[in-house]
Amino acid sequence: MRGEPSCPKCGGRVRPPGLFADTWQCDVHGTVHPLQPVVPPSVEALTVVVKRARVPVWMPWPLPVGWLFTGIACAGDDRSGGRATAVACSGPGPLGGMGELLLVAEELGVGLGARYAGIAGPDPGAHLRVDDPPDVKLHAAGRPTPLWPVRDVPPDRAVFAGEALGMWLWAIVWPEQTGLLMYDELVLTDLRDAGAEVDLLPCGALSPRLLP
């Protein structure tokens, strides 16, 4: 687990604002919104990210039976606020074994979702198979939300992407067959609008999928 901000696109080191630039800088990607260090999952850590976020913080709500909240990541700083969030959950897969789900909300160009998806970013763009009807239709903040499959991802995962509340929404699942979970009319809640029931959120061990 790293103790310093990193590039959301590549995980590399970033330089804080200083004399020659008033933004965070990556040697490879230039100006970026820094990915903050990932901390073990807890209601307190979740609350910090929710209060900072300027984008949705998506969570399946209620969680599927047996699933746990396993971590959260945020790109942005105290000045700009959270411009991307990634929420991890894990639990029994539809075909047995354990599955993992990562939900990413981000502004255009941040690149965090593409990095977790394992594709060249920063946005889904040409990787989306929009020539076909959407594979997945879930509900996000009470609205039907189509997601399309994403091409060119590593074979160990399935990736879907679309738009919700004016931001990119990525759903990344491991292993690939856990993608069947996305066909069960999953309901997502923006935790910025959630109430005190979040205090009862079941937490598990930190997902290694979140780590740089």
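User: In this predicted model, over how many bridges do strand S9 (residues 143–149) and S10 pair, and in which sense, parallel or antiparallel?
Analyst: The model is a predicted one, and in it Leu147 stands opposite Gly162 in S10. Strand S9, which spans residues 143–149, pairs with S10 in the antiparallel sense, and the number of bridges is 3.

User: How many of the 7 residues of strand S10 are buried?
Analyst: Strand S10 covers residues 158–164 and is described as mostly covered. Buried here means under 20% relative accessible area, and the count of S10 residues that are buried is 6 of 7.

User: Within what arc do the buried residues of H1 fall, seen down the axis of the helix?
Analyst: In helix H1, residues 43–52, the buried residues are Val43, Ala45, Leu46, Val49 and Val50. Because they fall within a limited arc when seen down the axis of H1, they line one face of the helix, and that arc is 160 degrees.

User: Which exposed residues does H1 carry on the face turned away from its buried side?
Analyst: The buried residues of H1 have cover that includes strand S4 (58–60), strand S5 (68–77) and S6. The face turned away from that buried side carries exposed residues instead, namely Glu44, Val48 and Lys51.

User: How many residues apart in sequence are the parts that the salt bridge of Arg83 and Glu107 ties together?
Analyst: The side chains of Arg83 and Glu107 meet in a salt bridge at 3.0 Å, N to O. Since Arg83 lies in strand S6 and Glu107 in the loop between S7 and H2, the pair ties together parts of the chain whose separation in sequence is 24 residues.

User: Is Arg83 buried or exposed, and what is its relative accessibility?
Analyst: The cut-off for buried is under 20% relative accessible area. Glu107, the salt-bridge partner of Arg83, counts as buried at 19%. Arg83 also falls below that cut-off and therefore counts as buried, at a relative accessibility of 16%.

User: What separates the C-alpha atoms of Gly118 and Asp152, in Å?
Analyst: Gly118 lies in the loop between helix H2 (112–117) and strand S8 (136–140), and Gly118 touches Asp152, Pro154 and Arg157, not counting residues up to four places away in sequence. Although Gly118 and Asp152 are 34 residues apart along the chain, the separation of their C-alpha atoms is 8.3 Å.

Key: Residues numbered from 1 in each chain as written. Predicted model: local features only at pLDDT ≥ 70, side-chain atom pairs only at ≥ 80, totals over all residues. Heavy atoms only, no water. Helix = DSSP H or I, 4+ residues; strand = E, 2+ residues; numbered from the N terminus. Contact = heavy atoms within 4.5 Å. Buried < 20%, exposed > 50% of the residue type's maximum accessible area, 1.4 Å probe, protein only. Pairing = 2+ DSSP bridges. Arc of directions from axis to C-beta. Salt bridge = Lys/Arg side-chain N within 4 Å of Asp/Glu carboxyl O.
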